[in-house]
Amino acid sequence: MPSKLSITNTSAAVDWVISNGYVEYDRALAVMARRTTAIREGRAKELVWLLEHPPLYTAGTGAKEKDLLNPRSLPVYHTNRGGQFTYHGPGQRVAYLMLDLETRGRDIRSLITHLEKWLINTLAEFNVVGETRHDRVGIWIRRPSKGEAVEDKIAAIGLRVSRWVTSHGIALNVDPDLSQFDGIVPCGIRDHGVTSLAGLGLPVTLYDVDVALRRSFQQIFGPTRLIESDGLDI
């Protein structure tokens with residue numbers, strides 16, 4: 001159940017940016033560093049940034065080198081977000097969240113719960129039932145056609161919280177090259193697979209997902225304001 005503490009902030013709209021083309025990972029890190037500092041200092045609004053990365057692997061603070069199965073196949077970035085290894089690439093919608101928990105309540109567990117709800121509600125718009133598991137981070141899909149106990153991960157969550165401002169965020173598989181996950185043990189989980197909306201037989205576009213993500217986000221976290229990508233310079 002979501003925390004009784006409200007994560008909603010209705011006092012100011014969150015900046016909402018969608019980048020076209022692929023965003024290099026180093027640039028994304030630089031933007032997040034600048035923006036989180038500006039938010040903390042009261043010079044910028046909160047931000048949700050939707051983008052695609054070129055093919056790459058990232059390693060969170062809990063990553064184990066043994067889980068990088070093919071280290072020469074793609075660039076590998078070690079980062080300060082939580083979690084372990086994951087893949088980012090074309091066809092995957094990444095949403096980086098720079099939210100101010102000073103105004104939304106200093107409750108990281110509540111934030112994670114609401115992020116899970118955000119993803120589950122987004123998937124529900126495409127008649128997909130996403131679920132959480134107490135022992136596995138992310139959003140999971142039951143695959144009864146593959147076996148009674150088979151579940152695949154369709155969305156990942158990996159956050160950093162520094163002085164109560166968040167960075168990094170979520171990744172939802174729309175239509176990525178799922179074979180790229182074979183180069184890692186995704187999130188350190190060996191007993192379950194990875195899927196996507198396309199893998200479930202759904203011809204969903206990134207645009208469709210962006211509309212659903214924004215609508216579901218506003219229902220949980222409050223209003224947003226669509227701005228151009230040059231707003232990232234703040």
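Here are some questions and answers about this predicted model.

User: What should I know before I start?
Analyst: This is a predicted model, where local features need pLDDT of at least 70, side-chain atom pairs count only at pLDDT 80 or more, and totals for chains, interfaces and linings use all residues. Residues are numbered from 1 along each chain as its sequence is written, and side-chain values use heavy atoms, with hydrogens and water left out.

User: Why does Arg225 count as partly exposed?
Analyst: Good place to begin! Buried means under 20% relative accessible area, exposed over 50%, and partly exposed in between (1.4 Å probe, protein chains only). Arg225 counts as partly exposed because its relative accessibility is 39%.

User: How far apart in space are Arg225 and Trp16, C-alpha to C-alpha?
Analyst: In sequence, 209 residues separate them. Trp16 is also among the residues in contact with Arg225, where contact means heavy atoms within 4.5 Å. Their C-alpha to C-alpha distance is 5.6 Å.

User: Which residue of strand 5 stands opposite Ala59?
Analyst: Strands are DSSP runs of E, at least two residues, numbered from the N terminus. Strand 3 (residues 56-59) and strand 5 (residues 85-88) run antiparallel, joined by four bridges; two strands pair if DSSP finds at least two bridges between them. Opposite Ala59 stands Phe85.

User: Which residue of strand 4 stands opposite Tyr57?
Analyst: Tyr57 is buried and points the other way from Leu56 and Thr58. Strand 3 pairs with strand 4 (residues 76-78) in the parallel sense, over three bridges. Opposite Tyr57 is Val76.

How values were computed: Lists of a residue's contacts leave out its neighbours within four places in sequence.
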